[in-house]
Structures are given as C-alpha cells and as structure tokens.
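Take them one at a time, and try each task before reading its solution.

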2 protein chains.
Amino acid sequence: MELKSPAMFIGVHGEGIISFGSGQPDLPPPKEVCSVVPQQKAFKYGLIQGNENLRHELSKQEQFKGTDQDNFVITNGASEAIDLVLRSFGSGKVLLHAPYYYSYPPVVKAAGMKPVYTQTLINSPSNPTGRIQDVNTLKEIEKLTTDLGIVLISDEVYKDLIYERQNYMLSGPHVVTVNSFSKTFAMCGLRVGYLYSNDKSIVNEVIELKTHTSMNTNILAQDMAYEALKAPHTYVEKQHKIWQERRDLIYEGLCDLGLELWKPEGAFYVFPKVKNPKKMVWDLYKKHKVITYLGEWFGDSERIRLSYALDKAEIEEGLKRIGKYLGQ
Amino acid sequence: MELKSPAMFIGVHGEGIISFGSGQPDLPPPKEVCSVVPQQKAFKYGLIQGNENLRHELSKQEQFKGTDQDNFVITNGASEAIDLVLRSFGSGKVLLHAPYYYSYPPVVKAAGMKPVYTQTLINSPSNPTGRIQDVNTLKEIEKLTTDLGIVLISDEVYKDLIYERQNYMLSGPHVVTVNSFSKTFAMCGLRVGYLYSNDKSIVNEVIELKTHTSMNTNILAQDMAYEALKAPHTYVEKQHKIWQERRDLIYEGLCDLGLELWKPEGAFYVFPKVKNPKKMVWDLYKKHKVITYLGEWFGDSERIRLSYALDKAEIEEGLKRIGKYLGQ
C-alpha cells in the first residue's frame, strides 16, 4: 500500500472507476471556448506575460475593475502561478493554514522556503473543506498584512463556485491574487491560470523567471480562455444549482453513513473524518474502484477528501460502494 | 538602454519589425496537427506524466527504439523539462559550456544549483552557434559521464535540424534527453516538450514535482503533438533545403558586411562577432526595427545572435538594415 501523493490518481480513468479524486468539473466548457481553433494556422511563441487581449479582458472583469493589464501574468494553471511567485522570493517563511491544498507545502519547500502552519488563516472557498471564510475575517487579514508589509497570496480558484454569497476578493499593496479558468469554465486539462498584483516588482520577477522555466502559456489555450470570458453570466449561474444538488446528495449520503463532516458552502469537496484513512483510501481504490484522496496530503490525518464533480448517478454509485466498504 | 534579458523581445511583433530574435520556425506546422481539435469536447486533467498515446508513440520513434513509455515525461516545452530535472536535484554543480542557451544559467541558479563554465562541453546542434559536435567527442563524453556516474542533460531540441548528418543521440544510465516539438514541427507557442531517461528515479522525481508546480501539460497540445508524429518524413526533409538556403543567405550576407562568424551546420542561428554589441542590439531595435539578441545573454560578450527563421525577403531586408547601421 503506497499512498505517496495525489500524483498516482491524477488523470486516472478506467473501466468502472468512480473518481472522487481530483477536483475538476465534469460539466461542459462554454461553447465559445472551441470557436477559435479551426482558424489557427501558426503557433509561434507568445508574450511570456500572456496574450494582451486576454490580460486586457481580465482587467475589465467586475472584480478587477480599474486595474491594468500589465499587472497580470498568464500561467500554466494556478499551480504555476503559485510556484512562480514563491520562487521569485526564494527564501523566507510561508504561513499556511491547515488543512491546505496538497500542493502548498511541496511548492513552498521546492522554492527554498519554510512552511509554517496555522489553523486560522485563509483559503476561501477552501480546498479540501469546501468552507468559505467570513468577510470580516478576510478584511482583518487584509489590514494586518498591509500594516505589516507582508505578501499575501490569495488562491481564489473557486471564486465562482460559492453557493452562499459573492466572492470577496482580497486586495492590498502586496496581495497576489491567483486564479484559474479550470474550475469556472471546466478547462482543467488546458492549464490556464493567472496572477494579479498591485506590486509590480513581484509581477516583473515572475515574468523574468517564467522566461526561463516554461516561456509563454500555451497560446491556443489562452485564446480559448479569452473566448470563455465571453460566455454569458448564466453559464456560471446555472452551475450553482447543479453543484448545490450534488453537494446535498453527497453531504446527506455521507452523514447517513455515519461520517462527520462540514457542509460545503463553495468549491466541490467534502472532507469527512473516517477511521483508518489510509486503509480506506487504499481499499476503496483496489477493492471497490473508488478514488478518494488521503486527508494527510491536505494536513489532516483523520480525514479523506472526496470531490463531488460527478453526475448524480455516479455519486450515488460511489456512495453505495463506500457504504459497502463501511460494511453497511 | 536596458537590455536585461530576452524576455523583452519574446513574442514581440509589430508594424515593420524584423525579428532575428527568438528562434522559432516560420514554416507551417504539419496539417495533421489541427485534425484533433474540432472533436474535442471535455478538457479534464491529464496524467501528470503525459498522455499515454503520445509517450507510447515517442517510445517507438527511431532514436528511442526499445525504450519504455514509462521513462518519458511530457512537459511545457523543453524549458520546463530542464527546469524540472534541475529542481529534482536541488543542489550541486552544473557544468555548462559557453556560449550557452540563455536560459541555462538562470534555471540552474533558480534550482538552487551552481553553474560552472567550460568551453568544451556539448550542446549539439548548438544554440547560439549553430554548430554540431563531432560524434567521437560525443562518445567520449558518454563514456566519461557513465564512468563517473555523472548525470548528463542533453538538450537535443534541434536534433531534426542538422543539415550535415543525422543527429547522434547521447545515451547512458544517467543521461536525460530533453526534446521538443517546437522546432521540428513549428509548434513553439503550444509548448510541448519532453524528457527521457533510463534513470527511473529522475523520471519519478520529475513527475512528483510537476504534480505540484504545473500539473499535466496542456492535453490539447499533447494530442496535437501526437498527430504531428504522424507527419511524413518528407515534412522534415523538405525543411532542410529551406534552412540551408537561408543559412547560406545570412552567412554570406554577414560575411559581406565584414563580420566574423561560424558557418552553422544545424539549428537556425548565426552568432557573429561585432563591435559594441550592446549599442548595436539597442540601435538596431530602436532605429532600424530589427530585433537581435545580445551575445552576453549566451555567455559571449563580443557577439550578437540572429535567428534566421524568416523568409528570404525578410532576411534580405534585415541584412540591408544591418548594413545601414554599420554605415555601408
């Protein structure tokens, strides 16, 4: 039984497998996304910082009103955005809230920095808990980090997947907002994310580093992201209802199986407490063809994470198999 | 006059600008490349290591005969392949030949390693010189590094762009072969590269790191790379004639202008010695709208680099403007 990291489960598909593993929408991307492709003729290098039309369009979005396209960098998903920002510092400490997204500690360490853990800081909506943070708390964090001159990296990739209220975008002189097209527009495999910061020195360091580590983000995917921004508001709104129904289904299903868990307010994860999580993740995979993620990867060794980015029938079948594992 | 790094020129296009800057083919990609796109419906995460069909197809290529698809990782261009390999070590020294591709020193340093320079090691065909290395020398390097247990990273992105002979692929127990679809198939902006190694521990470290730093390489671009491998041999062969003609044109043109340079045997770069390279690169750009790269970025402060991935008319116009700058 080797459960070293989520790498073993990402992108794994197969006959009869139900994956509560990686968090990716099964919903279709907006139809606008594919409109650019047939016209494409040449595939030359793009600007390292990202296509101008895409950055311009982002700077006009509701939450970025009044910002400048020069303060954006388009990246290979939010993952690369976070990696580049951390590497641009290269030393120092990073305060992380636990539980955290599983990639945070490894990228902090790979950047030559030291992770320090707390139970109180932010990631809203949270992966793996699905919880959103109180707006007053977010404002206090804004004030505190501004006063202390601390850089605040705000990973808001689930900003459009909050069922309860609008997202509150953290801002300040040294805030780096990280975002992605993956979750909002069902484009995970295309790997388009971005970062935004008022701190131009961070932006410039990131561009310089990216010049040598990966160059431009796939130009075709950037064109597709540009088109995705043209999708009507209803594209996102329609999803909320679907996510809420799925959330209710899996939340109640797991409660009925006797598990203890938080009710998600955003994203598409549940994070129940279970007995012997390692055995459960392993047996569910090997004996019941159900993929789940180990809570330990997220900084909580008593839990497992399930993504409910699956249609209802699959969630129901998955719950049935989990029930079988639990001997019910 | 600020000539900090090539980042300022990459992806720069504009009215009347002739770019001898970044090295990217202007030739069209194989028509096979676009065949997959209209059918695409969902964009889920792919395997971190890369699509199985693409890795399988690579393992069947002439130079990789008898290898295993498990020993390949598909990356965001050759840049990311090199970055990930270096980061997977994280400390130690890296012997680099000068002149070198401008990204080598920054990625070595960003990975926490120390670059050490030599005039004698390999990069064949070479960027920026366009020269290929003698096969006997390559074999000696293979033997030396095998005997000493040294990891050898062989960047062979120009392997298909040698006019004089076939590429000699370096191999050995700790050789990491880095390659790309960018140059061979004119797909620079799509960012698909890969690495291959017999050393499975290096491959596994790279996959684990990539899980957190960028996840899968764009799945659509991987499908396009897979299709590119179906292009007939003639696609590459036809290009050789074109590159050779362009090489002759720019080589003779620069010789006629009185510059001293090597005659390229592969890739598509010339690397002439010039007076006051900084002033020349700056003035050519600002006064004559011609982009060239500073030799200093490649470890040689007496030269400038010109990519001749341009059609003949543009090369001629560019030469004319360079002649004007030189006062001829």
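Accessible areas here come from the Shrake-Rupley method with a 1.4 Å probe. Keep in mind that this is a predicted model.

**Exercise 1. Describe the surface, the extent and the overall build of chain A.**

Solution. Start with the surface: chain A exposes about 13,100 Å², and carbon and sulfur atoms supply 50% of that area. Next, look at the extent. The C-alpha trace of chain A spans about 55 × 50 × 35 Å along its principal axes. Now turn to the secondary structure, where chain A has 9 helices and 11 strands. Its radius of gyration is 20 Å, close to the 20 Å from the globule rule for 328 residues, so chain A is as compact as a globular protein of that length. Then ask how much lies inside: 62% of the 328 residues of chain A count as buried. Finally, consider the contacts in chain A with a separation of 6 or more; residues 24 or more positions apart account for 72% of them.

**Exercise 2. Find out how confident the prediction is.**

Solution. First take chain A, with a mean pLDDT of 89. In this chain, 92% of the residues reach 70 or more. Then take the model scores, which are ipTM 0.88 and pTM 0.88. A word of care: where pLDDT is low, the predicted coordinates should not be read in detail.

**Exercise 3. Follow helix 7 of chain A and work out what its buried residues pack against.**

Solution. Begin with the length. Helix 7 covers residues 233-256, 24 residues in total, and reaches 35 Å from its first C-alpha to its last, close to the expected 34 Å. Next, pick out the buried residues of helix 7; among them are Tyr235(A), Trp243(A), Arg246(A) and Leu254(A). These buried residues pack against strand 8, strand 11 and helix 9 of chain A. To finish, step just past the end of helix 7, where Gly258(A) takes a positive phi of about 90°.

**Exercise 4. Is Ala221(A) buried or exposed, and what does Ala221(A) touch?**

Solution. Locate the residue first: Ala221(A) is found in helix 6 of chain A. Buried means under 20% relative accessible area. Ala221(A) has 0% relative accessibility, so it counts as buried. Leaving out residues up to four places away in sequence, Ala221(A) touches Met187(A), Leu190(A), Val192(A) and Asn218(B).

**Exercise 5. Examine helix 6 of chain B and list what covers it.**

Solution. Count the buried residues: 10 of the 10 residues of helix 6 of chain B are buried, so this helix is largely enclosed by the rest of the structure. They include Leu220(B), Asp223(B) and Tyr226(B). Then look at the cover, which includes helix 6 of chain A as well as helix 1 and strand 2 of chain B.

**Exercise 6. Trace strand pairings in chain B.**

Solution. Take strand 2 first. In a regular strand the side chains alternate between the two faces of the sheet. Phe72(B) and Ile74(B) are buried on one side of strand 2, and Val73(B) and Thr75(B) are buried on the other. Strand 2 runs antiparallel to strand 7 of chain B, and 4 bridges join them. Within this pair, Phe72(B) stands opposite Tyr196(B).

Now move to the open sheet of 3 strands, in the order 8-11-10, with antiparallel pairing. Strands 8 and 10 stand at the edges with a single partner strand each, so one side of each is left without a neighbour in the sheet. Strand 8 pairs with strand 11 over 2 bridges, and Tyr269(B) stands opposite Ser307(B).

Terms used. Residues numbered from 1 in each chain as written. Chains lettered and ligands numbered in written order. Predicted model: local features only at pLDDT ≥ 70, side-chain atom pairs only at ≥ 80, totals over all residues. Heavy atoms only, no water. Expected span 1.5 Å × (residues − 1). Buried < 20%, exposed > 50% of the residue type's maximum accessible area, 1.4 Å probe, protein only. Contact = heavy atoms within 4.5 Å. Pairing = 2+ DSSP bridges. Rg over C-alpha atoms; globule rule 2.2 N^0.38 Å. pLDDT = per-residue confidence, 0-100.
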